[in-house]
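Trainee: I would like to learn to read this model feature by feature. Where do we begin?

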Amino acid sequence: MRNIFFAAMLSVFSLSAMMASPASSLLKRLKKINKAGIMVGHQDATMYGTTWAWDKDRGDVYEITGDQPAIMGFDLGHMENDSPVNLDSVPFTRIKEEIVKQYNRGGIVTLSWHPDNPVTGKSAWDPSGKVLKNYFEGGVAKQKLDSWLGKVASFINSLKTTKGVKIPVIFRPWHEMNGGWFWWGKNSRTVDEYKQFYVLTHDYLTKAGCNNIVWAWSPNLGNEKSVGELLSHYPGDKYVDIIGVDIYEFDNDDKAYQKNLTTTLNVLTEAAKQTGKIAALSETGCRGIQQKTKWFTETLWPVLKNYQLSYVLFWRNDYKKPEMEAYLPGKNDPSAPDFKAFYDLKETLFAKDIKRIK
Ligand code: BMA
């Protein structure tokens, strides 16, 4: 009797193990890691830095800490146009290569997507053309976006190691929807059109076989003072695994940043609790960070340490205009030692820390 019981248990167990999708394994892992600390991420970490571009096996984080970020972010913008490089000139072949490397070192990848405006042909930052209305009425946006979703689905489906193991990623489409700058933003469509479009994106990619996506949804810092406000564009529990927020310091006002961060992370934490989702600071950074010698340990960390976030992703270090857009130091910048001190905190997790957490 006992043997039959154990055999049955074993087959149920192995069946569920066999059925676990790459996405559900990553989600499980994210929950485990969430208990150990906060992962630190960087957009385009290994592509370019404040003083260099396109070298292999480099990274501003790596040069300061000897370790890679736990999370690496890459953007799919311009994949929709069959361009060989993304909107920041990063070759898609290189993105794939770095995703595999990051997976092999035990790290995690998040993908964003800033596709051009399908109605006007201008960039993602063109809010004109009522794109989603056009989509749902079967206009030119419908033809284009359906085909664009297909291209993104093929790319995500194709993420595999050399042994053919499918690599899970966090995908964060249609972010900062509560701002007015993107064609999916607040001045360009109704809330319902937005939600329907997020759901449609989710269902399209799922049907296309992308069983390797953990879904992230993230508004921008707004004036959201309540969970209801923060979740005003939330597509629903079935479609989202991670709720993030994007918050920057553009004006060199550390106190205002801390206040914004605190107010929003309070609401985010409550929203995550109510929905049972993971919370993240999905984009952040301080303009002019190079010269700020205590920002990581004295502005960011005193706030972050109060919250159980899965990760914080610093946006990219643009080698073309680092003073305007580089959110982590290069190795010779005055802020590099402070970033190293931030790295040394036991609660901040980088690639080597999470490698051990399977
Ligand atoms: C924005 C800026 C742009 C960039 C885009 C996609 O926030 O960094 O310069 O093209 O993200 O990475």
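**Strands, helices and burial**

Mentor: Begin with strand β5 (residues 213-217): five of its five residues are buried, so the strand is mostly covered. Buried means under 20% relative accessible area, exposed over 50%, and partly exposed in between (1.4 Å probe, protein chains only). Helices (H or I, at least four residues) and strands (E, at least two) are DSSP runs, numbered from the N terminus.

Trainee: What kind of model is this, and how are residues numbered?

Mentor: This is a predicted model: local features need pLDDT of at least 70, side-chain atom pairs count only at pLDDT 80 or more, and totals for chains, interfaces and linings use all residues. Residues are numbered from 1 along each chain as its sequence is written, and side-chain values use heavy atoms, with hydrogens and water left out.

Trainee: Which residues of β5 lie on each side?

Mentor: I213, W215 and W217 are on one side, V214 and A216 on the other. Both faces are covered.

Trainee: In which sense do β4 and β5 pair?

Mentor: Two strands pair if DSSP finds at least two bridges between them. Strand β4 (residues 169-171) and β5 pair in the parallel sense, over three bridges. V169 has I213 of β5 as its bridge partner.

Trainee: Which strands pair with β8?

Mentor: Among them are β1 (residues 38-43), parallel over four bridges, and β7 (residues 278-286), parallel over two. M39 stands opposite Y311 in β8. T284 stands opposite F314. On β8, Y311 and L313 point one way, V312 and F314 the other, and all are buried.

Trainee: Now a helix. How far apart are the end C-alpha atoms of α4?

Mentor: The expected span of a helix is 1.5 Å times one less than its number of residues. Helix α4 (residues 92-104) has 13 residues and should span 18 Å; its end C-alpha atoms are 18 Å apart, which agrees.

Trainee: Which residues of α4 are buried?

Mentor: An α-helix has 3.6 residues a turn, so residues three or four places apart point the same way. In α4 the buried residues are F92, R94, I95, E98, I99, V100 and Q102. Their cover includes β2 (71-75), β3 (108-112) and α6 (140-157). After α4 comes G106, with a positive phi near 90 degrees.

Trainee: Where does E325 lie, and is E325 buried or exposed?

Mentor: E325 lies in the loop between β8 (311-314) and α11 (336-344). E325 counts as buried because its relative accessibility is 16%. Contact means heavy atoms within 4.5 Å. Leaving aside neighbours within four places in sequence, E325 is in contact with W315, R316, N317 and D318.

Trainee: How should I read S25?

Mentor: S25 is found in helix α2 (residues 22-36). At 37% relative accessibility, S25 counts as partly exposed.

Trainee: How many disulfides are there?

Mentor: A disulfide is a pair of cysteine sulfur atoms within 2.5 Å. The structure holds zero. Among the cysteines, C210 is buried at 5% relative accessibility, and C286 is buried at 0%.

Trainee: What does the whole chain look like?

Mentor: The chain has twelve helices and nine strands. Its radius of gyration is 20 Å, close to the 21 Å that the globule rule gives for 358 residues, so the chain is as compact as a globular protein of that length. That radius is taken over C-alpha atoms; the rule is 2.2 Å times the number of residues to the power 0.38. Buried residues make up 56% of the 358.
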